[in-house]
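Reader: I'd like to go through this one with you. Can you start with how far to trust it, then move on to the packing?

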Amino acid sequence: MIYNESWTRFEVIISFAFSSAQGGVRDCGSAWQPCLIFYHQTPKPLLVPEEWAEPGGALPLIKECPGQSFQAWRLLLHLKSSLTDKDDILLEPYLQGWDQLLNFMESLGTMVSFFSQKVKEKVVLIRDLSLKHSAEAHGNRGPADNSRLQTPASFGLKTGVYRSVRSMVEAELKTGVVNFSRRTDSGCRTLLRLHRSLLWLKLMLEGLAEGPDADGRFKTPGELSRDAYKVALAPHHHWVLRQAAELVFLALPDRQYFLQLVCVQKQHEAAPVLRIIIHALTLVHAQTQRILAEHDMLELP
């Protein structure tokens with residue numbers, strides 16, 4: 001089980017690492033994210049929960065990587081937070097995890113916008129649905145740009161029907177928003193698309209964590225991404241999209257660039273960190289899969 005005191009230690013380490021230093025700068029996320037105070041002195045490595053370590057293995061250190069938008073420790077923190085409710089996924093940290101995954105994707109070059117832009121649209125859609133429901137629940141229909149509700153707590157992701165995957169599924173089924181025979185812009189359909197993209201990223205990272213083949217050759221990120229795409233996304237894309245995806249795979253940077261994104265230089269340093277990220281993604285993906293499967297939502301049009 002993942003719900004024990006080690007999570008508290010994990011959070012305390014993060015809190016002290018970013019609040020105990022003297023002096024700092026204000027680092028604000030997007031309108032969807034709270035601002036954090038953090039300090040660019042000597043980045044302190046962050047421990048992951050003990051139960052996520054490999055059997056008999058040492059806990060890897062997840063470092064702050066100065067000068068880049070993607071931070072593995074933030075991704076892990078959001079994924080962990082999304083699993084706080086047993087047998088459910090909290091949507092606010094889940095979407096914040098996607099913010100970090102989008103940072104990861106966008107770090108790979110402009111060609112990856114073929115994937116990242118579609119993911120970003122889906123993240124925004126779920127937040128907009130939550131914001132709209134929250135406004136209506138409080139009798140605030142307001143202007144079209146939702147300018148009357150501009151703080152994270154107002155998006156309805158903390159207490160509204162879009163608080164979690166289960167509450168969203170139940171609410172949208174009750175109101176008839178979900179359609180099993182035609183496309184609708186429901187939160188459930190949108191989540192399913194994010195769910196498939198999460199699998200693609202997870203499978204690609206699994207490939208990056210693996211060692212060389214019998215000839216001592218490592219697969220390139222492009223090859224790994226193509227293999228993962230064939231499993232996770234290609235079955236749901238038409239021919240034109242599949243051909244366009246091939247151009248993305250050809251344009252991906254080399255393996256060393258990917259290693260630098262998790263603040264390491266060598267493959268043997270990257271593998272333990274990647275496996276911790278993969279483990280967290282697997283937990284979130286598996287729980288989301290179970291909820292969607294319970295309601296026959298794995299093939300929504």
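Author: It is a predicted model. pLDDT is the predictor's confidence in each residue, from 0 to 100. Helices (H or I, at least four residues) and strands (E, at least two) are DSSP runs, numbered from the N terminus.

Reader: Which stretches have pLDDT below 50 or under 50?

Author: Residues 1-45 are below 50, and beyond near neighbours in sequence this stretch has 81 contacts in the model. Residues 141-151 stay under 50 too, with eleven contacts beyond four places in sequence. Contact means heavy atoms within 4.5 Å. Where pLDDT is low, the predicted coordinates should not be read in detail.

Reader: And what does the protein chain average?

Author: A pLDDT of 81, with 73% of the residues scoring at least 70.

Reader: OK, the fold. How many helices and strands?

Author: Ten helices and four strands. From the N terminus the order is α-β-β-β-β-α-α-α-α-α-α-α-α-α. Among contacts between residues at least 6 apart in sequence, 68% join residues at least 24 apart.

Reader: What share of the 301 residues is buried?

Author: 47%. Buried means under 20% relative accessible area, exposed over 50%, partly exposed in between (1.4 Å probe, protein chains only).

Reader: Why is helix α2 largely enclosed?

Author: Eleven of the eleven residues of α2 (residues 72-82) are buried, so the rest of the structure largely encloses this helix. Arg-74, His-78 and Lys-80 are among them.

Reader: Now the largest nonpolar core. Which residues touch the most other members?

Author: Tyr-94, Trp-98, Phe-104, Met-105, Phe-115, Trp-200 and Ile-277, out of 72 residues. Helix α6 (residues 187-209) gives the most to this core, with twelve residues. A nonpolar core is a set of buried Ala, Val, Leu, Ile, Met, Phe, Trp, Tyr and Cys residues joined through side-chain atoms within 4.5 Å.

Reader: Take Trp-200. Where does that residue lie, and is it buried or exposed?

Author: Trp-200 lies in α6. Its relative accessible area is 5%, so it is buried. Leaving aside neighbours within four places in sequence, its contacts include Met-105, Phe-115, Tyr-229, Leu-233 and Phe-249.

Reader: And what is Phe-115 in contact with?

Author: With the same exclusion of neighbours within four places, Met-105, Trp-200, Tyr-229, Leu-233, Ala-245, Val-248 and Phe-249.

Reader: Switching to voids. How many cavities of 30 Å³ or more?

Author: Four. The largest cavity has a volume of about 80 Å³. On a 1 Å grid over the protein atoms alone, a cavity is a set of points where a 1.4 Å probe fits but cannot get out, and a pocket is an open set with protein on both sides within 12 Å along at least five of seven lines; lining residues have an atom within 4 Å of a point. Grid points are joined across faces, edges and corners, and a volume is the space filled by probe spheres set on the points.

Reader: What lines the largest cavity?

Author: The lining includes Phe-70, Leu-75, Phe-104, Leu-205 and Ile-277. It divides into eleven nonpolar, no polar and no charged residues. Ala, Val, Leu, Ile, Met, Phe, Trp, Tyr, Cys and Pro count as nonpolar, Asp, Glu, Lys and Arg as charged, and the others, Gly among them, as polar.

Reader: And the second largest pocket: what volume, and which residues are closest to its centre?

Author: About 460 Å³. Of the 18 lining residues, Lys-118, Lys-122, Arg-189, Arg-193 and His-237 are closest to the centre. The lining has six nonpolar, four polar and eight charged residues. α4 (113-137) and α6 each supply at least two.

Methods. Residues are numbered from 1 along each chain as its sequence is written. Side-chain values use heavy atoms; hydrogens and water are left out.
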